[in-house]
Amino acid sequence: MKKTASAIWQGGLRDGKGQISTQSGALKQNPYGFNTRFEDTPGTNPEELIGAAHAGCFSMALSMMLGEAGLTPERIDTTAEVTLDKQDDGFAITAVHLILKAKVPGASEEQFLEIANKAKAGCPVSKVLNAEISLDAALVG
């Protein structure tokens, strides 16, 4: 299976503008640029998109692994905080911190944390990122 996304960029780094689109159409010519990445201008940026992809992938992996353990989650709420740091040779994504709140009837805290950590390690987006990936998980309800 292959999925595609594309980016168009016009201009220099600070004054240029770009558009990001996805094969599914979920994103269609969404604006991005220096100002959406490093300032508070509306639009998206690569780190935000990586965070969304990681949160979505992790949530699905967790749902699958909970199901394998005979548990059905009522709700999985994952936020991914993506850290972009300036380094000597430019910028790098140095960490992703996953914040998880889930309602899983019948799950013990120990079982939930064990499965959540397996999902963190096993989700395909976790595997592709060469960054420290941490997780705060809380069983609610």
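Colleague: Which residues line the largest pocket, and what makes them lining residues?
Modeller: They are Met1, Lys3, Thr4, Ala5, Thr22, Gln23, Ser24 and Ala26. Each counts because lining residues have an atom within 4 Å of a point of the pocket, an open set on a 1 Å grid over the protein atoms alone, where a 1.4 Å probe fits, with protein on both sides within 12 Å along at least five of seven lines. This is a predicted model, in which local features need pLDDT of at least 70 and side-chain atom pairs pLDDT 80 or more, while totals for chains, interfaces and linings use all residues. Residues are numbered from 1 along each chain as its sequence is written, and side-chain values use heavy atoms, leaving out hydrogens and water.

Colleague: What volume does the largest pocket have?
Modeller: About 290 Å³, where volume means the space filled by probe spheres set on the grid points, which are joined across faces, edges and corners.

Colleague: Why is serine 126 called buried?
Modeller: Its relative accessibility is 8%, and buried means under 20% relative accessible area (1.4 Å probe, protein chains only), so serine 126 counts as buried. Across the chain, 33% of the 141 residues are buried too.

Colleague: Where does serine 126 sit, and which residues does it touch?
Modeller: Serine 126 lies in helix α4 (residues 124–128); helices here are DSSP runs of H or I with at least four residues, strands are E runs of at least two, and both are numbered from the N terminus. Leaving aside residues up to four places away in sequence, serine 126 touches His54, Lys120, Ala121 and Ile133, with contact meaning heavy atoms within 4.5 Å.

Colleague: How do you know that β5 and β6 pair?
Modeller: Two strands pair if DSSP finds at least two bridges between them, and β5 (residues 90–103) is joined to β6 by eight, running parallel. One of the bridges links alanine 95 with glutamate 132 in β6.

Colleague: What makes β4 and β6 edge strands?
Modeller: The open sheet has the order β4-β5-β6, with mixed pairing. β4 (75–87) and β6 (132–139) each have a single partner strand, so one side of each lacks a neighbour in the sheet.

Colleague: Which helices lie across strands of this sheet, and at what angles?
Modeller: Helix α2 (residues 46–68) lies across β4, β5 and β6, at about 145° to β4. Angles run from 0 to 180 degrees between N-to-C directions of lines fitted to C-alpha atoms, for helices over the stretch in contact.

Notes:
Buried means under 20% relative accessible area, exposed over 50%, partly exposed in between (1.4 Å probe, protein chains only).
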